[in-house]
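Dear colleague,

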Amino acid sequence: MIPIEYFVGLSIIMFVSGITGVLLRRNALVVFMSLELMFNAANLLFVTFAAYYQLLAGQLFVFFVMTVAAAEVAVGLALMVEIFKTKKSIDIDQMNSMKG
Amino acid sequence: MTLTDLMTILPLAVLVAWTTALLLVDLWIPKDRKGITALLAAFGLALTLGLSLARGQQPRQAFGGMVVVDGFAVFLDVIFLASGLASIALAHDYLKRMNIVRGEYYSLLLYAISGMMLMTYAYDLIIVFLALELLSIPLYILSGFVRLNLRSEEAALKYFLLGTFSSGLVLYGIALIFAATARTDLPGILAAVELAPANLTMFLVGGALLLVGFSFKGAIVPFHEWAPDVYQGAPSSVTAFMSVGAKAAGFAALMRVFVVAFPSLSTDLTPVLWGLAAVTMVFGNIVALAQTNLKRLLAYSSIAQSGYLMMAFVPYGQGIVLSDTIAAMLFFLVGYALTTLGAWAVVIAVEKAEGRGLELQDYAGLGRKYPLLGAAMTVFMLSFIGAPPTLGFWGKFYLFRTAVEGGFTSLALLGLVASIFSAYYYLRVVVMMFMRPGEPEARRDPWLVLTAGVSALAVVGFSLVPGSLLNLALQAVLKLL
């Protein structure tokens with residue numbers, strides 16, 4: 001059996017790379033992918049500990065998270081398409097029409 | 001799921017069912033008669049409000065302890081539903097003027113309110129997360145509601161990316177807490193921690209991530225970056241609702257989760273919370289001094305008000321002052337909601353298409369030409385400062401008093417100084433309205449005037465009997481603990 005530390009370690013690596021991606025990448029789509037990575041890091045932690053504690057609640061949580069993430073994808077991609085139509089770019093550094 | 005469960009959350013169930021039906025019915029309402037949709041939405045909110053008020057404050061749990069409906073929840077629900085009604089009144093004329101009349105506006109608004117209500121009921125971290133998303137996703141769409149307007153779209157994208165980021169932090173925090181305690185229900189977490197601190201590091205990091213995630217929602221410095229741009233870019237009627245509802249819901253969740261599940265973290269967190277409250281108050285007020293755009297000014301003002309709200313949160317681990325401090329927070333929220341919605345009603349009345357009519361100069365002469373609007377705006381500005389005789393004065397008074405009772409006199413003094421500084425930029429609006437010549441054009445839409453008028457009267461009226469409102473708030477929190 002694979003020790004639980006490996007799962008936790010992988011989850012932390014995924015979460016930290018997700019955060020790094022959000023903070024450093026400039027393309028809105030890549031930022032969004034990094035956000036999904038953060039969500040999935042949490043999912044991995046849930047299923048790991050659901051198995052470890054023999055609790056179903058953790059696995060149920062993952063289903064909810066996946067559903068919510070799907071809803072967010074729908075809204076997020078629609079927003080990006082809209083903004084690309086107006087601006088021909090989804091670079092978040094160029095989102096600077098408001099100042100102060 | 002039994003019938004008793006459904007009966008317990010009846011107001012919320014009715015609201016969700018009504019909203020979904022409204023989304024369908026709206027398809028058959030012709031585009032030039034969307035007032036009917038607005039009316040139906042308002043009726044749904046009023047119905048929910050009635051049901052919420054009728055159920056009393058006896059706490060009841062449902063769905064296996066995942067939700068609880070108590071006085072605290074009902075009190076906040078009344079704020080959300082009333083703000084919802086007010087923002088429908090604000091939106092009706094505004095949407096027509098901005099040429100964005102679409103029926104789904106009202107359904108999205110109602111869905112966001114359902115999310116806020118669910119947030120107040122949440123007694124399990126799963127529900128906290130679902131409620132957070134249910135309230136956020138409609139608000140992302142609403143902030144980008146002015147299609148093909150770059151500012152609105154930018155606001156929506158920024159709000160979406162940072163909102164999802166904060167949800168990711170909250171979610172990972174929940175996952176860590178589940179990993180440390182094997183529980184997601186709030187009392188279970190408390191019990192698990194008292195029994196044996198399974199893995200204290202995971203638990204601490206989890207709690208910290210929850211705090212950061214919710215600080216994003218409540219626009220606490222240094223997690224406020226999104227707020228000014230989103231508030232400016234989103235349609236004003238959405239901003240008005242967002243700055244009341246989303247903020248109150250964030251604070252409600254923070255309060256419920258930390259008070260019920262994490263009293264053990266209070267000693268570690270007190271300095272952090274102290275710092276957050278202090279920085280938010282000072283930063284929000286200082287940056288607001290430099291603003292000339294009314295929407296941005298109100299955005300920074302709302303950040304500063306978050307700082308005062310955060311102050312209620314600092315002594316949350318002290319059992320003696322706990323009910324006082326939560327009651328003070330609820331009281332402050334009532335004043336904040338009334339003042340904010342009223343101030344936005346005035347802003348919307350003056351705003352023109354294409355984002356014009358939002359600069360400070362556009363308010364020159366407003367007080368002379370429209371004395372009622374001018375007087376109402378003066379009341380709101382005084383209430384934001386915290387000057388008597390307004391609800392804002394008593395809100396701050398109770399907040400500062402509980403801070404002193406909790407032993408944080410320096411924080412209360414800091415809040416007092418910040419309030420005095422804030423008088424500069426709030427009074428600038430008043431000076432502009434009454435002492436500078438100008439020929440502003442404001443809408444004479446009856447709903448806008450009604451919202452501004454009722455809010456102004458309530459802000460002054462309640463301030464004459466602050467004790468009875470505070471008693472209501474105290475009764476509401478009595479059963480929380």
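The notes below go through the two chains, their contact and two residues.

Please bear in mind that this is a predicted model, in which local features need pLDDT of at least 70 and side-chain atom pairs count only at pLDDT 80 or more, whereas totals for chains, interfaces and linings use all residues. Residues are numbered from 1 along each chain as its sequence is written, chains are lettered from A and ligands numbered from 1 in the order in which they are written, and side-chain values use heavy atoms, with hydrogens and water left out.

I begin with chain B, which has 20 helices and two strands; helices (H or I, at least four residues) and strands (E, at least two) are DSSP runs, numbered from the N terminus. The radius of gyration of chain B is 21 Å, in agreement with the value near 23 Å that a compact globule of 481 residues would have; this radius is taken over C-alpha atoms, and the globule rule is 2.2 Å times the number of residues to the power 0.38. Along the principal axes, the C-alpha atoms of chain B fill a box of roughly 70 × 55 × 40 Å. Of its 481 residues, 66% count as buried, where buried means under 20% relative accessible area, exposed over 50%, and partly exposed in between (1.4 Å probe, protein chains only). When contacts in chain B between residues at least 6 apart in sequence are considered, 82% join residues at least 24 apart, a contact being heavy atoms within 4.5 Å.

Chain A, by comparison, has three helices and zero strands, and its elements run α-α-α from the N terminus on. Its radius of gyration is 17 Å, well over the 13 Å that the globule rule gives for 100 residues, so chain A is more spread out than a compact globule. The C-alpha atoms of chain A fill a box of roughly 50 × 25 × 25 Å, again taken along the principal axes, and 41% of its 100 residues count as buried. Among contacts in chain A between residues at least 6 apart in sequence, 54% join residues at least 24 apart.

Where the chains meet, the contact takes 44 residues from chain A and 44 residues from chain B. Between them the two chains bury about 3,900 Å², with 79% of it on carbon and sulfur atoms; buried area here is the accessible area (1.4 Å probe) that two parts lose on being put together, summed over both. Phe61(A), Leu79(A) and Met98(A) supply 18% of the area that chain A buries against chain B, more than any other three residues.

Ser87(B) lies in helix α4 (residues 71-97) and is buried, with a relative accessible area of 0%. Leaving aside neighbours within four places in sequence, Ser87(B) is in contact with Leu109(B), Ser237(B) and Phe241(B), while Tyr106(B), 19 residues away in sequence, is 9.8 Å from Ser87(B), C-alpha to C-alpha. Ser383(B) has its place in helix α16 (residues 371-385) and is also buried, with a relative accessible area of 5%. Not counting residues up to four places away in sequence, Ser383(B) touches Thr339(B), Thr390(B), Leu391(B), Gly392(B) and Val459(B).
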